[in-house]
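Please work through each task before reading its solution.

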Amino acid sequence: MTAAERVLRTLTIAACGLLFFLPLWWVTVSAVRPQEEIFAFLSPLSPWTLWPRNVTLAHVVELWSGPFARAIFNSMYVTVVTVVIGLVISAKAGFALAVLPFRFREGVFVVIVVSFLIPFDAIALPLFGIMRGYGLQNTYTGLILPGIGNGLAVFLLRQFFLGIPRELREAAMIDGMGWFGIFWRIYVPLSVPALISAGLILFVFQWQAYLWPLIIAPAPDYKVAAVAIAQFSDFYGTNYSLIFAGSFFVSIIPMLVLVVFQRFFAASIATSGSKD
Amino acid sequence: MTKPTLAGGAAIFGVVAATSLLLSAAAGAQTTINFLSAQNDDVFAPVIEAFEAANPEYRVVHQSVPFNDLNTAVESRVGSGDSSIDVYAADTPRVPAFASKGYLVNLDDEAEAIEAAVPNPVEIDLVSHDGSIFAYPMWTSSQLLYFNRELLDAAGIAYPDPAPEDRLTWEQLIADAEAAQAAGATWGFMFQQVDRYYQLQPLFESAGAGSGLTGDDLLEPALTGEKWIETAQWYGDLFESGLAPRGVTPAQTDDLFERGELAYFVGGPWALNRFNQVDGLDYGVAPMPYFEGGEPVTPTGAWALGINPHAANLEGARKFAAFATLTAEGSYLTTVNFALMPTNAEGFERYQGRLAEMTEKVGPVLDIMVYEMANTAVVRPRSVGYVAFETEMNQAFGDIRNGADAAEVLEQTENRLARLLARL
Amino acid sequence: MDRLRQPLTILAFLGPALLAVVLLRLWPAVFAVDLSLRPPRGEGYSLENYQFIFTDPQFLNSLVVTAIYSLIVNPLQIAIALALAVLMNVAVPLIGLWRTMVLLPVAIPQSVSAVVWGVGLRPDGPVNALVQALGFEPQRFLTSPDQALASIILIVSWIGVGYWMTFLLAGLQEIPRTLYEAARIDGASRWQQFRYVTLPQLRRTLTFVLVANTVANFLVFAPVQILTQGGPQGSTNLIMNEIYSQGFVIGDARSAAAATVVLVSFVLAVVSIQFRMMRAPEDEER
């Protein structure tokens with residue numbers, strides 16, 4: 001690429017990024033301005049549409065002095081646990097479905113694919129009935145469980161593992177390595193981007209979740225951030241300042257997580273070396 | 001080779017379980033009463049505090065869910081026999097449906113006490129079904145006409161008369177709103193709960209078109225009479241002509257008035273707190289308009305407290321609900337951080353002091369509301385099919401507001417409602 | 001390789017996932033199917049709920065709207081996601097930040113995205129302000145039966161495109177550079193490199209993205225439920241919104257269950273076709 005091409009490319013990329021970020025920037029601006037100014041500069045466009053004319057942190061302070069702090073903690077805890085457990089479960093299952101030879105492998109794969117076709121909202125009520133029977137309302141377990149059975153993550157990892165050349169494991173087997181060793185020492189290190197992608201799926205599902213946490217855990221100690229934000233709006237009035245302030249924090253945390261994990265998407269050397 | 005995996009998995013589960021236990025709230029030695037509502041914690045904090053002080057053997061835990069999702073929460077938990085909710089806030093139009101599904105305890109044994117504390121028969125009607133009382137009446141609502149004095153002055157329009165007997169007609173109001181808009185107001189008029197049946201039912205009642213449901217059980221939709229279509233078209237024309245804005249949701253309507261863009265605004269008294277805090281907003285209140293040749297009608301009804309028949313603590317639940325609604329102190333405390341009116345007669349007396357203070361600045365708020373509640377309030381149809389009805393009506397109003405032909409929309413809605421209500 | 005006869009190994013790897021999927025998805029789904037076969041009044045099983053929904057003009061309309069929506073949104077989102085992935089598959093300053101900005105919308109609660117876009121697309125809002133500044137007539141967006149579905153497509157794409165771009169990007173980064181060098185030596189143009197190196201190498205990832213995106217789009221409803229409730233005049237009444245409204249708002253769980261069964265069957269059929277189309281020989285028994 002020439003220097004000019006590089007500059008043009010960088011500018012295009014930056015423009016795309018900023019364009020996507022624009023609505024979230026507006027949320028940020030709305031969180032730190034006085035309530036009466038949130039809708040004041042929508043039309044016609046002015047510099048104040050995207051930059052606060054008067055800045056106030058009063059709403060942010062108000063947000064954190066309430067139950068929101070607990071809600072953010074709940075969201076983070078539940079999401080982290082979901083991702084960790086979910087990854088372990090999905091990676092192992094994806095490995096089994098891509099690599100382990102056994103009868104009914106295709107059938108099991110179909111079953112898992114079907115599972116993520118089922119809209120979660122459609123099974124939320126029956127699932128609640130089942131969980132209630134085990135006393136799982138208003139518990140972290142109740143919040144976490146639906147997030148770890150994610151057929152999409154299994155599907156993704158299975159697709160990825162299919163692409164790893166069989167020569168690698170055949171060589172390992174000749175050396176006497178068992179299935180677990182092959183999984184842990186060969187496949188997993190080669191799959192960092194895929195694992196991160198699967199982690200992303202699990203993360204997004206759980207961080208975003210609204211209906212399930214609402215039904216299973218509305219108690220203040222267990223409420224998650226997405227539900228807490230919705231609380232700022234009821235029949236008698238909506239506090240957009242708090243909604244946007246809450247939205248800002250609910251967005252900045254994934255943003256930081258995502259920026260950090262971006263680095264790990266780079267291809268690993270082993271793969272490019274052995275692909276034929 | 002497989003053992004490490006199993007052990008690893010078990011260890012992870014163990015850690016999670018232990019942490020969860022540590023982080024869970026420890027159960028106290030008192031009896032816990034679980035209370036579900038759609039309000040923020042600070043609304044009920046004062047009354048909970050007072051109740052716990054007077055009854056130290058009880059502890060009340062308030063769980064709140066967003067208003068739009070309260071029905072889901074009630075259906076999924078109370079509906080499935082969950083004992084983890086003892087008392088919950090029930091929106092009064094839904095009381096018939098809840099009662100008929102067995103989600104509410106029959107309170108006839110306390111009927112005398114309830115009727116003594118809440119003498120207004122309309123409020124008792126709102127918590128009843130099939131002749132029995134099923135919930136403790138807590139709050140009620142009314143509506144006011146707000147107007148921006150500055151925008152009216154700019155157009156040379158006289159302020160609406162605050163006396164209920166001399167209220168504006170809708171025809172007059174629209175003419176004035178158009179004049180205000182011509183003189184510089186961005187918008188002439190707006191409803192607070194735009195597209196919602198609660199807000200718009202009075203239009204149809206005032207025009208003599210009826211509530212939309214007929215029949216013995218109020219399960220037959222009646223939306224295609226001439227008056228219904230005419231009034232609905234009138235509603236749609238408000239937006240078609242540009243007098244009122246499209247695309248603004250009910251949550252965003254207060255903001256229009258606060259920023260001085262709106263000349264006339266029909267909304268509930270809960271907006272008073274917000275408007276009073278805005279610098280430089282010079283506004284007044286008047287009674288809600290009516291259609292010429294028709295009756296003045298205002299909407300009413302709000303929340304009541306219901307008891308879950310499967311509650312773990314029936315006795316405690318009823319004690320708390322009774323304290324919050326049947327005692328003057330409890331009733332008043334529920335309104336300290338919230339702007340709705342208590343149904344308890346004595347609680348209302350304490351409450352009205354705050355409203356009376358506003359008279360000098362904005363007008364006789366208290367007098368208007370007392371008059372409306374006694375004379376013009378009409379309740380939403382007491383039908384077990386109310387939720388389906390309201391959902392479809394809100395949809396229909398939305399379509400009409402966005403320009404669809406009123407007759408067509410109402411006919412489609414009537415057909416659909418007939419099918420839906422037949423399944424109940 | 002011998003077929004594995006040790007069930008313990010299989011169970012150790014597959015067990016937890018299968019258990020989770022069965023207990024947390026399939027078992028409750030069986031309940032839902034059962035519910036769909038029970039009539040609203042009376043005992044026993046019958047097809048009454050299915051009869052009800054298939055004679056309901058609103059449900060039938062939702063099928064049409066969903067079909068139109070899917071046919072537009074899936075190719076659109078994948079094309080944009082692929083273009084963005086190719087664009088961003090380069091190490092320029094702050095590339096991590098730009099990629100994150102495009103990806104971020106998917107991690108935000110959908111209620112927030114819906115509210116923000118709802119305000120943005122208000123007839124008196126900033127998007128119209130921009131439109132007017134460019135010299136055009138203000139548009140009606142979500143308040144018009146002709147533009148509402150397109151507006152929803154815009155919102156859903158803003159939310160999802162970064163997500164799919166990320167998977168495609170990971171797939172692109174797995175393609176060995178040696179392949180491109182070989183193609184260049186053979187004289188292939190950029191476009192030919194894309195067609196004959198990139199796309200085939202991306203096949204598995206593309207299958208994943210295509211299937212997952214199709215499924216995700218069939219299940220869209222939060223922006224619709226928050227912004228338009230299926231209107232104006234049913235023009236945005238995607239099937240999942242109809243199901244949600246029936247099940248959770250109106251409280252008719254049985255017809256909602258029946259509609260869900262219809263939806264899942266249909267999606268299963270579509271996904272099977274997609275799988276078949278995208279299958280490569282190397283996916284068979286290894």
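A polar contact is a pair of N or O atoms within 3.5 Å; within protein, one atom must be able to donate a hydrogen and the other to accept it, and residues adjacent in sequence count only if both atoms are side-chain atoms. The model is predicted, so local features need pLDDT of at least 70 and side-chain atom pairs count only at pLDDT 80 or more, while totals for chains, interfaces and linings use all residues. Residues are numbered from 1 along each chain as its sequence is written, chains are lettered from A and ligands numbered from 1 in the order in which they are written, and side-chain values use heavy atoms, with hydrogens and water left out.

**Exercise 1.** Describe the interface of chain A and chain C by its contacts, buried area and polar pairs.

Step 1. Contact means heavy atoms within 4.5 Å. By this rule, 101 residues of chain A touch 91 residues of chain C.

Step 2. Buried area is the accessible area (1.4 Å probe) that two parts lose on being put together, summed over both. Between chain A and chain C it is about 8900 Å², and carbon and sulfur atoms give 76% of this. A:Ile13, A:Phe20 and A:Leu117 supply 8% of the area that chain A buries against chain C, more than any other three residues.

Step 3. For chain A and chain C, 10 residue pairs are in polar contact, both residues being at pLDDT 80 or more. Helices (H or I, at least four residues) are DSSP runs, numbered from the N terminus. Helix α1 (residues 3-31) of chain A gives the largest share of the side that touches chain C, namely 16 residues.

**Exercise 2.** How many salt bridges are there between chain C and chain B?

Step 1. The criterion is a side-chain nitrogen of Lys or Arg within 4 Å of a carboxyl oxygen of Asp or Glu.

Step 2. The count between chain C and chain B is 3 salt bridges. In one of them, B:Arg416 pairs with C:Glu242, the closest N and O atoms being 3.5 Å apart.

Step 3. Across this interface of chain C and chain B there are also 13 residue pairs in polar contact, both at pLDDT 80 or more. The interface involves 31 residues of chain C and 23 residues of chain B; about 2500 Å² is buried, with 46% from carbon and sulfur atoms.

**Exercise 3.** Describe how domain 1 and domain 2 of chain A meet.

Step 1. An automatic or database domain assignment supplies the bounds: chain A is divided into domain 1 (1-56) and domain 2 (67-273). Their centres, taken over C-alpha atoms, are 31 Å apart.

Step 2. In chain A, 10 residues of domain 1 are in contact with 9 residues of domain 2, and the buried area is about 740 Å². A:Val27, A:Ala31 and A:Gln35 supply 45% of the area that domain 1 buries against domain 2, more than any other three residues.

Step 3. Between these two domains of chain A there are 0 salt bridges and 1 residue pair in polar contact, both at pLDDT 80 or more.

**Exercise 4.** What is the geometry of the aromatic pair A:Phe161 and A:Tyr187?

Step 1. Rings of Phe, Tyr and Trp (its six-membered ring) pair if their centres lie within 6.5 Å; planes under 30 degrees apart count as stacked, over 60 as edge-to-face and the rest as tilted. The whole structure holds 72 aromatic pairs over all chains.

Step 2. A:Phe161 and A:Tyr187 are edge-to-face, at 5.5 Å centre to centre with 80° between the planes.

Step 3. A:Phe161 lies in helix α7 (residues 151-162) of chain A and A:Tyr187 in helix α9 (residues 179-190) of chain A, so the pair ties together parts 26 residues apart in sequence.

Notes
Helices (H or I, at least four residues) and strands (E, at least two) are DSSP runs, numbered from the N terminus.
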